[in-house]
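These are my notebook entries on one structure. I record what I looked up, entry by entry.

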Amino acid sequence: MKKKRLMSLLLILIPLLTSAQDLKGAWKGLLEVGPAKLNIVFHIHDDNNVTMDSPDQGAMELPTKVVCMQEDSISVTMPRLGAQYAGKLVGEEINGTFSQMGHSFPLILKRGEIKMNRPQTPQPPFEYTTQEVVFHNKGIDAKTGLPTEGGEAWLGGTLTYPKGFKTGMPVILMVTGSGQQNRDEELMGHKPFLVIADYLARHGIATLRYDDRGVGKSTGNMAMITLQSNMLDAEAGIDYLKSTKKFGKIGVLGHSEGGIISYMLAARGKADFVVSLAGPVLPGDSVLLMQNRDLLTAAGLDKDNVEKYATALSRVFKYRMSEQKMKFSDKPESLVPMLTMDIALLPELRKNLIETVKMVDSPWLVSYLKYDPATDIRKINSPVMLIIGDNDKQVNATANIQAAENILPKAVKAKSLLKAYPTLNHLFQPSETGSPGEYAKIETTISEEVLDDITSWIIKTAKQ
């Protein structure tokens, strides 16, 4: 009798264990929040390791905290989002509820991944050749012998040679935007630098793109990164290209922060020409304030509250640039009320400001806030191509192009191109609002018109 009972219990446990095992893997679903629809993917690795992707927002591998994991049910929280998901396995689906900020929405998950359609991403075979290379930022100032900002780094990259390459042809060093990115500047399923490098190679132009320090095959201290240390990494790339003795003119193509670095390198006589893709021309604090105004307006916030937030943020920036000893990351909850006691900020904006304050201590952000590109742009003698999308909510096209018109030396401006593109966003995608929330949803990686303009301008300029 006892043996039969034990056998029965085993028979019951086997399907339960099988069900628990069945939960592992990728589960996808469509979250409908009013008119908005977001693809959500949960990756269930084991009982204590679950991550969430929101591909439409470009948010990948978000950590979760497992509250409960049973043979046929799951409950996790996402502390950074103030959200949670709880569901139960019913047949081949997990029927559950996604909750956030006091609101709950049904979310049914089915097995599978969300594959983002990126038609411009190059696919082999390629007519051109590529070479894996490594170059070295020694982290030592050649003139003084003293350590430089950020210190030493080995940068891994890809050197692309067009078909029929001959010694003396031009080459482009590609510099990514802010934040640590790989050599393709990969974000939200898009690979803009790979697309650009492929396009240039098919039109006879060589390129070198590289992983930012601490990413991919590049080493280096990420904690101490500044605008200046990123420039020194890029300068090491130019020095490497010169050392090969294979190339003629060396240009720098930079996106966003990379555009700023292109100005810095040109001012130092390191670049024969510059292609700045939405590279800010205004001072760092001005760009960030304008960016926040544009993004909040695009999100539907009224002008009065937008200006209140901009005023509060401006005070935070000024306080930080005043070299106050108080560490922002220590007491942001007390600093924000101190700086904004006379401003009636909406609760959600106050919360957002506190989160912003926690980041303002980073060496990179401090260096960016204090930097005025005009200082270097006035020293540039080489041609500049500055292009920005009219729908760019991160770098305002009108204000920055006008600033460039006023700052660039007259002789340089005569051989330069300053252009704004209707409907294009910060990534040079055709867009509706220009908000970063659209980046992942847009299939186009970069406008064909922009690719053609960049290529034509480089070919023309490299011959001068």
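**Entry: Thr455.** I began with Thr455, which I located in helix α13, residues 448–463. I note that the model is predicted. Is Thr455 buried or exposed? I found a relative accessible area of 2% for Thr455.

**Entry: backbone geometry.** I looked up the peptide bond from Pro124 to Pro125 and recorded it as cis, with omega near 5°. Pro125 sits in the loop that runs between β9 (103–111) and β10.

I next checked phi at two residues. For Glu185 I read a phi near 50°, which is positive in a residue other than glycine. I placed Glu185 in the loop between β12 (169–175) and α2 (192–201). For Lys245, also not a glycine, phi is positive at about 55°. Lys245 belongs to the loop between α3 and β14 (247–255).

Are these residues buried or exposed? Glu185 has a relative accessible area of 3%, so I wrote it down as buried. Lys245 has a relative accessible area of 70%; exposed requires over 50%, and Lys245 is therefore exposed.

**Entry: cavities.** How many cavities of 30 Å³ or more does the model hold? I counted five. The largest cavity contains about 100 Å³ of space. I found 13 residues in the lining of the largest cavity, and those nearest its centre are Val175, Thr176, Tyr210, Asp212 and Asn230. The elements that contribute two or more residues to this lining are α3 and α4 (257–267). By residue class, I recorded the lining of the largest cavity as four nonpolar, five polar and four charged.

I then turned to the second largest cavity, with about 60 Å³ of space. Which element gives the most to the lining of the second largest cavity? I found that it is α2, with three residues. I recorded the classes in this lining as seven nonpolar, two polar and one charged.

**Entry: second largest pocket.** What volume does the second largest pocket have? I noted about 550 Å³. The second largest pocket is lined by 19 residues, and I listed Ile140, Ala142, Leu232, Glu235 and Asp239 as the closest to its centre. I found that β10 (129–137) and α3 (227–244) each supply at least two residues of the lining. Helix α3 gives the most to the lining of the second largest pocket, with five residues. I recorded the lining of the second largest pocket as eight nonpolar, four polar and seven charged residues.

**Entry: cross-references.** Helix α3 contributes to the lining of the largest cavity and to that of the second largest pocket. Strand β10 supplies residues to the lining of the second largest pocket, and the loop between β9 and β10 holds Pro125.

Definitions and conventions
Residues numbered from 1 in each chain as written. Predicted model: local features only at pLDDT ≥ 70, side-chain atom pairs only at ≥ 80, totals over all residues. Heavy atoms only, no water. 1 Å grid on protein atoms, 1.4 Å probe; cavity = no way out; pocket = protein on both sides within 12 Å on 5 of 7 lines; lining within 4 Å. Points joined across faces, edges and corners; volume = space filled by probe spheres on them. Helix = DSSP H or I, 4+ residues; strand = E, 2+ residues; numbered from the N terminus. Nonpolar A, V, L, I, M, F, W, Y, C, P; charged D, E, K, R; others polar. Buried < 20%, exposed > 50% of the residue type's maximum accessible area, 1.4 Å probe, protein only.
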